[in-house]
Amino acid sequence: MLKSDLIAILVAKRQLTQKQAELTIETIFESMKAALCKGDNIEIRGLGAFHVKTYQGYNGRNPKTGEVIPVKPKRGILFRTGKELRDRVNQGHGPQKQQEPVAPPKSETGTA
């Protein structure tokens with residue numbers, strides 16, 4: 001799904017103008033970006049949570065030359081789905097039972 005798909009859904013379901021829908025989606029995403037840049041976590045019930053994780057710096061190696069290279073500390077973003085979304089995604093995708101072949105019905109007259 002693309003951002004334009006979300007905008008189209010808002011236009012169709014909430015009778016917003018294209019410009020209002022674009023502004024709404026942009027406002028939501030900009031607010032989420034700002035919160036994550038500050039290091040805040042975001043939790044959306046029924047969907048999941050975004051977490052900011054801090055990674056320590058370390059000394060890495062260039063695999064080609066073997067040279068030691070310092071890797072700076074950094075932050076990454078993790079997303080963990082909520083139980084409700086995980087259950088909906090997995091609904092109906094469990095182990096498939098094999099159906100036994102069904103014999104064709106016999107005609108009443110005894111002729112195939």
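Gln15 sits in the loop between helix 1 and helix 2. Helices here are DSSP runs of H or I, at least four residues, and strands are runs of E, at least two, numbered from the N terminus. This is a predicted model, where local features need pLDDT of at least 70, side-chain atom pairs count only at pLDDT 80 or more, and totals for chains, interfaces and linings use all residues. Residues are numbered from 1 along each chain as its sequence is written, and side-chain values use heavy atoms, with hydrogens and water left out.

Back to Gln15. Its phi is near 50 degrees, a positive value in a residue other than glycine. Most residues other than glycine have a negative phi. Gln15 has 64% relative accessibility, so it counts as exposed (buried is under 20% relative accessible area, exposed over 50%, partly exposed in between, with a 1.4 Å probe and protein chains only).

Now the helices. Helix 1 covers residues 3-14, and helix 2 covers residues 18-38. They pack at an angle of about 125 degrees, axes 9 Å apart. Which residues of helix 1 make the contact? Lys3, Leu6, Ile7, Leu10 and Val11 do. Contact means heavy atoms within 4.5 Å. On helix 2, the residues include Ala21, Ile25 and Phe29.

Last, the aromatics. There is one aromatic pair. Phe50 and Phe79 form it, tilted, 4.8 Å centre to centre, with 50 degrees between the planes. Rings of Phe, Tyr and Trp (its six-membered ring) pair if centres lie within 6.5 Å; planes under 30 degrees apart are stacked, over 60 edge-to-face, the rest tilted. Phe50 is in strand 2 (residues 48-55) and Phe79 in strand 5 (residues 74-81), so the pair ties together parts 29 residues apart in sequence. Phe79, at 38% relative accessibility, counts as partly exposed.

Note on methods: Axes are lines fitted to C-alpha atoms, for helices over the stretch in contact, and angles run from 0 to 180 degrees between N-to-C directions.
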